[in-house]
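My notebook is open and I'm looking up how this chain is put together. Let me put the sequence and the structure up here before I start.

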Amino acid sequence: FMEPHKAPEPMTRIYEQATKLSAQQIERLTQIYAQATAKGLDPMVEPLICDIDAPLKTAQWHNNVSQCLTATRASNGGFWISCRGRRMSTLEMCRVQGVQYNELRVEEAGISEQAFRHMIGNSMSGSVIQGVLHSVLQVMGVM
């Protein structure tokens, strides 16, 4: 789901992104990076998808797998991608939800980026809908 990785992000760019984080978010990242390192993962190489907005005790991370996007998480910038040193882009959020961003005319509709991200997080991914419909059809005896 991530955008192609052209070249390593310069450390100055990563530092600029990190300076936009709160002290609590930096504390969560530090904890997550320590946990990942203890498991033999390099957060600067592996794409750890980190929920840095959750409370410290419940902050989660996954290696190359995104957690469920909620409206609040998406409108606040999405999850942190460790190897990119930044939050998810709007395009990456669309990919996680199975939305074809290039088919949408968000700018023409006058929708702000934050409002659009909120909509992305408020949507259901195609795989979730498929699973629900499959279960419903089984219960109905159609499948």
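Entry 1: I started with H5, where Phe116, Arg117, Ile120 and Gly121 are the buried residues; buried means under 20% relative accessible area, exposed over 50%, and partly exposed in between (1.4 Å probe, protein chains only). Looking down the axis of H5, I found these residues within an arc of 140°, so they line one face of the helix. The arc is taken from the directions that lead from the helix axis to the C-beta atoms. That buried set packs against helix H3 (71–75) and H4, where contact means heavy atoms within 4.5 Å.

**Entry 2: ground rules.** I have to remember that this is a predicted model, in which local features need pLDDT of at least 70 and side-chain atom pairs count only at pLDDT 80 or more, while totals for chains, interfaces and linings use all residues. Residues are numbered from 1 along each chain as its sequence is written, and side-chain values use heavy atoms, with hydrogens and water left out.

**Entry 3: the overall plan.** How many helices and strands does the protein chain have? I get six helices and four strands, and from the N terminus on they run α-α-β-β-α-β-β-α-α-α. Helices (H or I, at least four residues) and strands (E, at least two) are DSSP runs, numbered from the N terminus. The protein chain has 143 residues, and 35% of them are buried.

**Entry 4: the sheet.** The four strands make an open sheet in the order E2-E1-E3-E4, with antiparallel pairing. Strand E2 (61–63) and strand E4 (86–87) sit at the edges, each pairing on one side only. Two strands pair if DSSP finds at least two bridges between them. Strand E1 (residues 48–50) and strand E3 (residues 80–81) are antiparallel, with two bridges; isoleucine 49 has isoleucine 81 in E3 as its bridge partner. Helix H2 (residues 23–38) lies across E1, E2, E3 and E4 and runs at about 145° to E1. That angle is between N-to-C directions, from 0 to 180 degrees, with axes fitted to C-alpha atoms, for helices over the stretch in contact.

**Entry 5: the cores.** Which residues make up the largest nonpolar core? It has twelve, including Ile49, Ile81, Cys83, Met93, Phe116 and Ile120. A nonpolar core is a set of buried Ala, Val, Leu, Ile, Met, Phe, Trp, Tyr and Cys residues joined through side-chain atoms within 4.5 Å. Helix H4 (90–97) and helix H5 (113–122) each give at least two residues to this core. I noted a second, separate core of ten residues too, with Leu21, Ile32, Ile52 and Trp80 among them. In soluble globular proteins, nonpolar side chains tend to be buried together.

**Entry 6: around H4.** The buried residues of H4 are Thr90, Glu92, Met93, Cys94 and Gln97. They pack against H3, E3, E4, H5 and helix H6 (126–139). Just after H4, I spotted glycine 98 with a positive phi of about 80°.

**Entry 7: two loop residues.** Is cysteine 83 buried or exposed? Cysteine 83 is buried, at 10% relative accessible area, and sits in the loop between E3 and E4. From cysteine 83 to proline 47 is 36 residues in sequence but 5.2 Å in space, C-alpha to C-alpha. Asparagine 64, in the loop between E2 and H3, has a positive phi of about 60° although it is not a glycine. With 45% relative accessibility, asparagine 64 is partly exposed.
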